[in-house]
Amino acid sequence: MGVSDAIYYILHIRELKSIVQWKTWHNPVHQRDPEKEPVSLRICFDFLDKTSRSFSAVIQELHPELLVPIALFYLILRGLDTIEDDMTIPLEKKNTLLREFHKITEKEGWSFNGNGPDEKDRELLVQFHYVIEEYRKIKPVYREIVNDITRQMGDGMAEYCTRAAEGKSGVDTVKDFDMYCYYVAGLVGKGLTQLFVESGLANPALREREQLQTSMGLFLQKTNIIRDVREDWDDKRRFWPREIWSKYVEDFDDLFKLENTEAALNCSSDMVLHSLNHADDCLFYLAGLKEQSVFNFAAIPQAMAIATLALVFRNPQIYKKNIKITKGEACQIMLDSTQNLQKVCEVFRKFVRQIHRKNTPKDPNFLKISIACGKVEQFIESIFPSQDAKALQRAIDAGGTKKEEDPKTIQERKEAKEDIKYMLIAVMGTLIFLSSVMVGIAYLAGARWDIAYNDMKHEITQGMFNQPASTTAQTLADKYDRGEL
């Protein structure tokens, strides 16, 4: 932690508290045991750590039945994505690899070293034979699911690569945008759902709700595309559909010009609206997950996404740099998202209300965004009513309704008390630390603690303060005179 980080967390003590709580109190539902794994599987998990630490952490806490299949599913799709992203691979060769990748996963010993030297995850493909070795060991039913999703995703990626090479915009319309997000993320949600249901860890009814499955992926992907707009623009890539941005500026590059700030904010709010429309589907989906580790695995990214959506909404910084929620906020979200559906709903409600507060009537999307926020709150209210009907009836029977204190006020008061407590602990800890340092320095400098102790004892036992000052001084001089003078 750098000096700037230390200063930040001193000023944001609540976030520091969240980090400490996550580090000390979080207990994984399941823990992976590397000692019992073959070398090839340990290498696969090493690659998982390198490609995505955040996903790796939640994957490694999954139920043992799904731990390896989902880890390999992620690595296979990461390999596919690495080929698709690499602009140094010729189009014809790239398209062949993308369309045949689902077959490659069955070829023992296959690896690929044709990526450019600067490609981030090229080493994964160089040593891809380890992934294939472990993939061939998982249950055939899981391999069939992964294979089918990889085939569909590879075909979709190849199609968009071809269109881009021909000079055509890959995402002209909102329909194109939805289809692109479906290929790169919606299919992932679909595949994971099939794995969850096949393992018996999710409600079988989820298999029939394709809209819920794809919404899980689309919500994440659309939110990331909004957040990464500056980074993609710097890399000469554009994923925002022309149908949306052309309503606000003549050219996509105009969104990054200072004089177009208001138009750019209205455009980004239009993009946020398209992402927010998936939020209630995501909560509906989470209600169908029966096992805690699977619930955590699915809930954490969705909660992070709604927090990110609130961060980027009408935030001009997205056109200047890539912005993210802080580590302290992320830890608090993870603490809340690894409990139950009601806590996740509270997270969604909190950030949806932030979006609603930032919404402004001068935004052309004001009404639609207000409706979208209300839709999410209405869904949450339908499954977790804020009013207790029985308690309300008891109050009426007792002599009329009683206005309850605002829950937000209660929560703020509670958090304020906790902040004061942690602040006092921090102050006391600092004083103890400084005192210990000073005592240690004095000891190293040769301080005579025995003399100080004897003086104190003499004062107490002999009534030193009652003696004349001259007598006291002479007594001390006689006692410690060593004759050196």
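Trainee: Why is arginine 314 called buried?
Mentor: Its relative accessible area is 13%. Buried means under 20% relative accessible area, exposed over 50%, and partly exposed in between, with a 1.4 Å probe and protein chains only. Because 13% is under 20%, arginine 314 counts as buried. Do keep in mind that this is a predicted model, in which local features need pLDDT of at least 70, side-chain atom pairs count only at pLDDT 80 or more, and totals for chains, interfaces and linings use all residues. Residues are numbered from 1 along each chain as its sequence is written, and side-chain values use heavy atoms, with hydrogens and water left out.

Trainee: Where is arginine 314 found?
Mentor: Arginine 314 sits in the loop between H16 and helix H17 (327–337). Helices here are DSSP runs of H or I with at least four residues, numbered from the N terminus. Arginine 314 also has a positive phi of about 50°, although it is not a glycine. Most residues other than glycine have a negative phi.

Trainee: What about lysine 236: buried or exposed?
Mentor: Exposed, because its relative accessible area is 76% and the label asks for over 50%. Lysine 236 also has a positive phi, of about 65°, without being a glycine. Its place is the loop between helix H12 (229–234) and helix H13 (242–245).

Trainee: And how do you know whether lysine 120 is buried or exposed?
Mentor: With a relative accessible area of 59%, lysine 120 is exposed. It lies in the loop between helix H6 (91–104) and helix H7 (122–126).

Trainee: Which residues does lysine 120 touch?
Mentor: Not counting residues up to four places away in sequence, lysine 120 touches Lys50 and Thr51. Contact means heavy atoms within 4.5 Å. Lysine 120 and threonine 82 are 38 residues apart in sequence and 8.0 Å apart in space, C-alpha to C-alpha.

Trainee: What makes cysteine 331 and cysteine 345 buried?
Mentor: Cysteine 331 has 3% relative accessibility and cysteine 345 has 1%, so both fall under the 20% limit.

Trainee: What makes a set of residues a nonpolar core?
Mentor: Its members are buried Ala, Val, Leu, Ile, Met, Phe, Trp, Tyr and Cys residues joined through side-chain atoms within 4.5 Å. The largest one has 132 residues, and Phe196, Trp240, Leu255, Leu286 and Leu289 touch the most other members. Helix H16 (residues 292–312) gives the most to this core, with 14 residues. Leaving aside neighbours within four places in sequence, phenylalanine 196 is in contact with residues including Leu66, Ile70, Tyr285 and Phe297.

Trainee: Which residues line the largest cavity?
Mentor: Val29, Val58, Glu61, Ser293, Asn296 and Phe297. H16 gives the most to this lining, with three residues.

Notes
Helix = DSSP H or I, 4+ residues; strand = E, 2+ residues; numbered from the N terminus. 1 Å grid on protein atoms, 1.4 Å probe; cavity = no way out; pocket = protein on both sides within 12 Å on 5 of 7 lines; lining within 4 Å.
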